[in-house]
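User: I'm new to this structure and I'd like a close look at one part of it. Could you take me through the main nonpolar core and what sits around it?

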Amino acid sequence: MPKIGTRKLYVLLKNDFEKENISIGRDGLFKLLRSNYLLIPKRHSYFKTTNSRHWMKKYPNIIKEKELKCSEKVWVADITYLKTKEKNYYLHLITDAYSKKIVGYELSDNLQTSSTLKALKQAINNRMYKHSLIHHSDRGLQYCSKEYTETLKNSGILINMTENSDPYENAAAERVNGILKHEFGLIGTFENFKNLSHQLKQSIYCYNNLRPHFSLHYNIPNHVHMENNVKLKTYKKQNQNRKIPTLI
């Protein structure tokens, strides 16, 4: 995890500091890294992979005011692009909204529904729990297609979509894309598909099994997915007049 954030790095190193009698706090670690030019500046990129201007049925957003309390209650789906010297490839992702674990993915050279479906079917095959599940995505034609929605319905999964082109409606999926690209180096240009595929596989393993998440109180996605033992932190500003969200 060569570009992990300093706060998460401190959580990972704290026990080692104590064992070696190294007296340093989080702010001290920030100062140490800054003085050695080891803080990583963020880069921003944008590439549109969503085509929501189509005739197919779009579904409402029914999870706006709902708070998650366990895994496999809501999955979030998204597509992002990755580059090689040969051409662009597309990463189709399914992430559990509670545990932040990537539960299904497919790397392909196209934006066809068949590729998006492979990620979904992988996630379905890896399901651990039998309770009700909601699939959340943008209004891209892949997610609205008959083949994709029928797969969801046949698996007993409810369909949920963004409504107002608001990026915060699919923030969890966008966040995962950013972590894979910026922290694990997938934003770069790879030599070929083989190199990219190998790096992606390693990155997803480390993301799921090694990287602590702020919203999980610095727990690991795979641990949280199995234990369901954390109350998620929220990035939204608290509003005292807002209705108490329903637990799902």
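Analyst: Here's a walk through that core, with a few stops around it. Keep in mind that this is a predicted model.

Let's get our bearings. The protein chain has eight helices and eight strands. It runs to 248 residues, and 44% of them count as buried. If you look at contacts with a separation of 6 or more, 64% of them come from residues 24 or more positions apart.

In soluble globular proteins, nonpolar side chains tend to be buried together. Here the largest nonpolar core holds 20 residues, and Trp 75, Ile 94, Leu 120, Tyr 143, Tyr 148, Leu 152 and Met 161 are the ones with the most contacts inside it. Who contributes? At least two residues each come from strand E2 (74-84), strand E3 (88-96), helix H3 (113-125), helix H4 (141-144), helix H5 (146-154) and strand E6. There's another core lying apart from this one, with 17 residues, including Leu 93, Leu 186, Phe 190 and Leu 200.

Skipping its neighbours within four places in sequence, Leu 152 is in contact with Leu 120, His 135, Ile 157 and Ile 159. H3 and H5 pack with their axes 10 Å apart, at an angle of about 10°. An angle under 35 degrees counts as roughly parallel, so that is how H3 lies relative to H5. On the H3 side, the contact is made by Thr 113, Thr 116, Leu 117, Leu 120 and Ile 124, while H5 brings Glu 147, Tyr 148, Thr 151 and Leu 152.

Next, follow strand E6, which covers residues 157-161 and includes Leu 158. Residues up to four places away in sequence aside, Leu 158 touches Leu 133, Ile 134 and His 135.

One more stop is His 225, found in helix H8 (residues 221-227). His 225 is buried, with a relative accessible area of 1%. Its contacts, not counting residues up to four places away in sequence, are Ser 71, Glu 72, Asp 96, Ser 99, Lys 101, Val 103, Met 128 and Tyr 129.

Last, a word on the cysteines. A disulfide is a covalent bond between the sulfur atoms of two cysteines. This structure holds zero disulfides. Cys 70 is buried at a relative accessible area of 16%, and Cys 144 is buried as well, at 5%.

Terms used: Residues numbered from 1 in each chain as written. Predicted model: local features only at pLDDT ≥ 70, side-chain atom pairs only at ≥ 80, totals over all residues. Heavy atoms only, no water. Helix = DSSP H or I, 4+ residues; strand = E, 2+ residues; numbered from the N terminus. Contact = heavy atoms within 4.5 Å. Disulfide = S-S within 2.5 Å. Buried < 20%, exposed > 50% of the residue type's maximum accessible area, 1.4 Å probe, protein only. Core = buried A, V, L, I, M, F, W, Y, C linked by side-chain atoms within 4.5 Å. Axes fitted to C-alpha atoms, helices over the stretch in contact; angles between N-to-C directions. Parallel < 35°, antiparallel > 145°, perpendicular 65-115°, else oblique.
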